[in-house]
Each structure stands twice: as structure tokens, then as C-alpha cells.
Amino acid sequence: MRILGIDPGLQTTGFGVVDADGHALSYVASGTISTRHLERGNLPARLKVLFDGIGEIAARYRPDAAAVEIVFVNVNPQSTLLLGQARGACITALVTHQLSVAEYTALQMKQAVAGHGQAAKAQVQEMVKRLLSLPGVPGSDAADALGIAITHAHVGASMARLGEAAQLARATSGMYRQGRTR
């Protein structure tokens, strides 16, 4: 299975593509999409760059699934809103290419990649390098995106099974309502 991981950001969005064959992972590609060349106040143009960039990556590498980091709440609500819009542009681009999209927090990614949720960026970068047998340490945004893809490779199937079980539980929980009397 080929997985595209996305670390959304309004100025720099990281992407990482890995192939997963059981527990074996192999590196395909990684990098960043930057909107720094555009005016900070031109939000629509920046979102279009992200949307088009993710679309181009999806078309080029043809992933089977995608995973996106969930936005954390910043102290500054305006920053959180802007980051949420960047994330929305990325998810929309993925869905436009008929990709299923899983979502993981930074904590979940750090636990899956480095073994603990308080891992520093440098630790995540080093573990991504080791897990994918890379010749060098990837940049922090690309490493986070590769970490999200690795997280999905490790826990995606389990999460899908849990989701199916929850769906089944919801489908059967109201089964007996018709026979109830109040």
C-alpha cells in the first residue's frame, strides 16, 4: 500500500510518500510545498498553491491512502484558524483525488515513530531516517509528513477495524427499539 502523509501548514506544508508491505516500509518521496513567495495577506492564493501542490503530488505518486496531521489549538486563535484552512485545502485536494483520509495527532505520530509522545523534532527526524533507511535526516516538515505516513502504515489497519466494529455497534444498537414500549 502506498501512503501519502501530510503535515499541513500555511507557509510550509510537508509531504511524505511511503510504501508499506506488511511491516516493511520503503521511502518513495518527500518534500515541502511553500507559500512563502506569496503575500501573507493573500490567503486565497496561498490556499490554491497548497491545493494544487497536493493534487500534483497525488497525481504523480498515486497513493492508495492519505493521512493528515490534526491541527492543535494554538494560543493565538487567528493562527489556529489559518492553519485549519490550510489543512482543509490539503484534505479537499486529497478527497478530490478519491483518496481516503486518516487523521492523526502529533502525539499519536510521535508515539508511533519515536516511542513517546514528547519526542523532539530532532528525535522524530532521526527515527524517520532509521525507519526508512534514509541516507540523511529529512527536513522537519517532511519528517513529520513521513511520520504521519508511517503512523498510518502501523496503525491504519487496526483503526479501520475498530471503525468497522464501532459502525457495526451503531447499526445494531437500535435494533430492538421497535419492540420497546415506553
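Q: Which residues of α1 are buried?
A: Please keep in mind that this is a predicted model. An α-helix has 3.6 residues a turn, so residues three or four places apart point the same way. In α1, the buried residues are Leu 43, Arg 46, Leu 47, Leu 50, Gly 53, Ile 54, Gly 55, Ile 57, Ala 58 and Tyr 61. The elements that cover them include β1, β2, β3 and α2.

Q: What span does α1 reach from its first C-alpha to its last?
A: With 19 residues, α1 reaches 27 Å, close to the 27 Å expected at 1.5 Å a residue. Just after α1, Arg 62 takes a positive phi of about 45 degrees.

Q: Which residues touch the most other members of the largest nonpolar core?
A: In soluble globular proteins, nonpolar side chains tend to be buried together. Here the largest nonpolar core has 22 residues, and Leu 4, Ile 6, Ile 54 and Leu 94 touch the most other members. At least two residues of this core come from each of β1, β2, β3, α1, β4 and α2. The largest share, seven residues, is supplied by α1. A second, separate core of 18 residues includes Ala 102, Ala 119, Val 124 and Val 128.

Q: Is Thr 35 buried or exposed?
A: Thr 35 lies in the loop between β3 and α1. Its relative accessible area is 0%, and therefore Thr 35 is buried. Leaving aside neighbours within four places in sequence, Thr 35 is in contact with Leu 10, Gln 11, Arg 46, Val 49 and Leu 50.

Key:
Residues numbered from 1 in each chain as written. Predicted model: local features only at pLDDT ≥ 70, side-chain atom pairs only at ≥ 80, totals over all residues. Heavy atoms only, no water. Core = buried A, V, L, I, M, F, W, Y, C linked by side-chain atoms within 4.5 Å. Buried < 20%, exposed > 50% of the residue type's maximum accessible area, 1.4 Å probe, protein only. Helix = DSSP H or I, 4+ residues; strand = E, 2+ residues; numbered from the N terminus. Expected span 1.5 Å × (residues − 1). Contact = heavy atoms within 4.5 Å.
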